[in-house]
Structure formats: C-alpha cells, structure tokens
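This briefing looks at a set of side chains and at what surrounds or pairs with them. Please keep the sequence and the model open while reading.

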Amino acid sequence: MIRLALIGKHIIHSESARIYQELLGQKVDYHLLDIPNAQKLPKLQQLFTLYQGVSVTSPYKASYIEDENLLVTDEVRALGAINCISMVQGRCYGTNTDYLGVRDFFLVEQKSTDFEIHLLGSGVMAGIIKKVAQELNMKVIQYTRGSHGDLTRADLSAALENQNVRKLVVNACSRDFEYRGKLQKSAWFWDLNYALKCHSDNLPKQCDKYIDGLSLLKFQAEHALKFWKLK
C-alpha cells in the first residue's frame, strides 16, 4: 500500500487522504503529522524510511527549503517555499505544487486570465498568487493587515465595481481568518482554503461566484503524484 504523509499544524481538517485515494483509485496509508513548532520537524532522511511521498503545509512551507539535504531548482527556490518532497536514489528533492495548482486554476479550470485580482493576505500563498498573476499578465491589488488594518471587515465594494474586467477576490489568509466585509455582487471570491463553513454559508449570497479551495487541492495532488512518480 502507498504510504504518504502531510506535515503541518492543526491539520485535522485535511481532505488530502480522500483526494489521493480518488486519484489513485485505491486505498492510501495517509498520515497527518501535526507538528507543534518548527524545532520538532522530522528530518528528511527519517521521513523517507517510512513514506513514499511527503507534503508540507502551513506554517512549514518555508521550513525545509534551506535544508542541506534537499535539492530544489532555482525557480522553486525563488518562490521561497516548498510543499512537496520526494526521494530518488537517496537524494531528496523539493518542489512547489501550490504554484502549479494556481496556474492550473486559471489555465485549466477557468480557461481564462481575464481577471483583476484583489488579494487578501501577505503570506506564502499570497506570494504564489502574485507570481502567477505576473506571469499571466493579471493585475493584482493586495490588501494586508499592515497597510489596510483589519481585513475581516474590509469594504471592497467600491474597488470591485465592474469596469469591463472580472474582479476576483482571492483569500490567501490562514484558516482562522473569516471575511465579513462588503463585496460587489458582480465579483468572484476564490477561497484558497476549503470547506470553510463560515465562508461557504455566507459569501455566495454576496458575490456572483464563490469558489472554495478544493479544486486547487486536487490540482496540487495530481502534480504531487507525478513528482513522486506514483501516477
């Protein structure tokens, strides 16, 4: 049986095991490694005595990138984070399937880059969104606590007024963030988190289209399986 692991903090909500089993068409021995702090992160060599593939989620996506035992390309290093690790012939390699999944969201799922992005947050995923948007020639307007105060009640309604381009609000904040501000009915809202009831219950009433992060998770998983050479 394939054995995989996810490293993160407060990850009991993870749907990854179900997604991998659906993609592979078989049961997967999937382990959630809930780590309280970076000092307790397991060593890479130790992990690959147990698992065929390892994923890394918040808040540890930047924690392994400088590990002397990990090889990453310059392109991945420039992203400042990795979320997928493999071992080939005793050497560990890292990549970022967040980046690949975000590109798939626009190019495969939406089949469009005709968006003006209004980005909530300033963490690792916000950086990924900005990188992809730059590559695909999409304008990004970023909102952070440092420059805009309490984002939970940010009034975006004026900024989202329709001006012949679709306005896409992207929530790149952590799972404990709940947006209770104002949107325009014509806007779309893409939540990079998934299955957040506080958003799925309320935001579809305020915008034209609400998209949670489950499709992004599926894209990430597909790229991870290819990276691990499991599919």
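Leaving aside neighbours within four places in sequence, Asn83 is in contact (heavy atoms within 4.5 Å) with Val54, Ser55, Val56, Lys61, Thr95, Asn96, Thr97, Asp98 and Gln220. The model is a predicted one, in which local features need pLDDT of at least 70 and side-chain atom pairs count only at pLDDT 80 or more, while totals for chains, interfaces and linings use all residues. Residues are numbered from 1 along each chain as its sequence is written, and side-chain values use heavy atoms, with hydrogens and water left out.

- Asn83 sits in the loop between α3 (74-79) and β5 (84-88), where helices (H or I, at least four residues) and strands (E, at least two) are DSSP runs numbered from the N terminus.
- With a relative accessible area of 6%, Asn83 is buried; buried means under 20% relative accessible area, exposed over 50%, and partly exposed in between, for a 1.4 Å probe and protein chains only.
- A polar atom of the Asn83 side chain lies 2.7 Å from the backbone nitrogen of Thr97, and Thr97 is also one of the residues listed as being in contact with Asn83.

- The structure holds 11 salt bridges, each being a side-chain nitrogen of Lys or Arg within 4 Å of a carboxyl oxygen of Asp or Glu.
- Side chains of opposite charge can pair when their charged atoms come close.
- Glu22 forms one of these salt bridges with Arg18, their closest N and O atoms being 2.8 Å apart, and the two residues are separated by about one helical turn because they are four residues apart in helix α1 (residues 16-24).
- Both partners are partly exposed, Glu22 at 48% relative accessibility and Arg18 with a relative accessible area of 34%.

**Salt bridges between separate elements**

- Arg103 and Glu135 meet through their side chains in a salt bridge of 3.0 Å, N to O; Arg103 lies in helix α4 (residues 97-109) and Glu135 in helix α5 (residues 124-135), so this pair ties together parts that are 32 residues apart in sequence.
- Arg103 is partly exposed, with a relative accessible area of 23%, and Glu135 likewise counts as partly exposed, at 32% relative accessibility.
- Glu116 forms a salt bridge with Lys139, with the closest N and O atoms 3.9 Å apart, and this pair links distant parts of the chain, Glu116 in strand β7 (residues 115-120) and Lys139 in strand β8 (residues 139-143), 23 residues apart.
- Glu116 is buried, with a relative accessible area of 11%.

Technical notes. Polar contact = N/O pair within 3.5 Å; in protein donor to acceptor, adjacent residues only side chain to side chain.
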